[in-house]
Amino acid sequence: MTGRELLVEGRALLGGDFEETPARIVVESGIISHIEELGGTSDCLPWIVPAFFNAHTHVGDSVALDVPLEGDLDTLVRPPDGLKHRILGSTSRGDLVGAMRLTLMTMADGGTAGFADFREGGRDGVSALLDAAEGVSCRPIIFGREGGESVADGLGVSSARDVAGGLDEMVSLARKNGRLVAFHAGEKDPGDIDEALGYEPDLLVHCTHATRLQLRRIADLGIPVAVCPRANWRFRVTSTGKKPPVKELLSLGCPLLLGTDNAMGVQPDMWREMEFLATVYRVSPREALCAATLGASLFLESFLLKERNRANFLVIDPRSSNLVLSRDIAGALVYRAGPGNIVRKVINL
Ligand SMILES: [Zn+2]
């Protein structure tokens, strides 16, 4: 064994199907070089699962945690004068960076190794997030706005209806510069989805109120959709397990991603988000796990447990709690486990 080699044995959820396999995973220079199936009994082994990718956040909201969410969506989060924008506008850069950094560390502690953030505040906003993420094992993919897109990974449009003019130019400039393009769409009604779809974005966020026709178009275009169920409930844009139309998205074959959206009202904790998704929207634990990891494959690099992937996984000790009694690892992870069950993080971003 070289000094750079790591060997972990456990009941691993392998590949895109999260197939439970007792396995020995060998990591060399940060890469999963070998996965070898283990024989014999595996009951007392730890569990090995991919790290999470949170597909939609606003970590800048860290400066407004748990302000009372009174009023409608526009009053709270619509630019430029929503409550969060007023709070962000009166916060110093140092306080903003410090607050975002604490949130990022909390996300990393909980096993999230990457996330896609809609960052407000133009170029300064993007640079503040890059500073906050320095040295934290949780890599941001940043969608900027108001000029921030020119120094970020992509352009994040806060609803096609929020842009007074020049959206065409904004999107084509982002494309010309090789940037990703993402839209909030369909959060409170279906009215801004068609316009967003006209730009064939790389990512749609929400689609809570997408119509059947719009869903078919999204599926035909193969656009990934990041749903944020807890945020939709917190901001009162839904009160049913049918919106966002998670089941329809899955049955149409849309890539389904999971995000936690506004940190002001929702903790960016993928364990809680997976449990809510599985409970309220009745998806299987494996579908929830897939939604909580797939964004990495699309925007960063795959976290799945496969040979030749970089090693970005979590080791869970089921023996320190009643998790050990579970008859289904995926079920236990989604319905029961949390950050406290992680005993080791292997992160090689
Ligand atoms: Zn959002």
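This is a predicted model: local features need pLDDT of at least 70, side-chain atom pairs count only at pLDDT 80 or more; totals for chains, interfaces and linings use all residues.

User: How many helices and strands are in the chain?

Analyst: Helices (H or I, at least four residues) and strands (E, at least two) are DSSP runs, numbered from the N terminus. The chain has 13 helices and 15 strands. Its radius of gyration, taken over C-alpha atoms, is 20 Å, close to the 20 Å from the globule rule (2.2 Å times the number of residues to the power 0.38) for 349 residues, so the chain is as compact as a globular protein of that length.

User: Which residues of helix α7 are buried?

Analyst: An α-helix has 3.6 residues a turn, so residues three or four places apart point the same way. A residue is buried if 20 or more other C-beta atoms lie within 10 Å of its own, exposed if 12 or fewer, and partly exposed in between, with C-beta atoms placed from the backbone. In α7 (residues 212–221), the buried residues are Gln214, Leu215 and Ile218. They cover an arc of only 100 degrees around the axis (directions from the helix axis to the C-beta atoms), which puts them on the same side of α7. On the face turned away from that side are the exposed residues Arg212, Leu213 and Asp220. Just after α7, glycine 222 has a positive phi of about 70 degrees.

User: Which strands are joined to β5 by bridges?

Analyst: Two strands pair if DSSP finds at least two bridges between them. Strand β5 (residues 52–58) runs parallel to β6 (residues 112–118), with 4 bridges, and parallel to β13 (residues 261–262), with 2 bridges. Phenylalanine 52 has threonine 112 of β6 as its bridge partner, and threonine 57 has aspartate 261 of β13. Of the 7 residues in β5, 7 are buried.

User: What are the domains of the chain?

Analyst: Domain bounds come from an automatic or database domain assignment. Here they give domain 1 (5–50 + 303–347) and domain 2 (52–299). Their centres, taken over C-alpha atoms, are separated by 28 Å. With contact defined as C-beta atoms, placed from the backbone, within 7 Å, 17 residues of domain 1 and 18 residues of domain 2 take part. On the domain 1 side, α13 (329–335) supplies the largest share, 5 residues.

Definitions and conventions. Residues are numbered from 1 along each chain as its sequence is written. Two residues are in contact if their C-beta atoms, placed from the backbone, lie within 7 Å.
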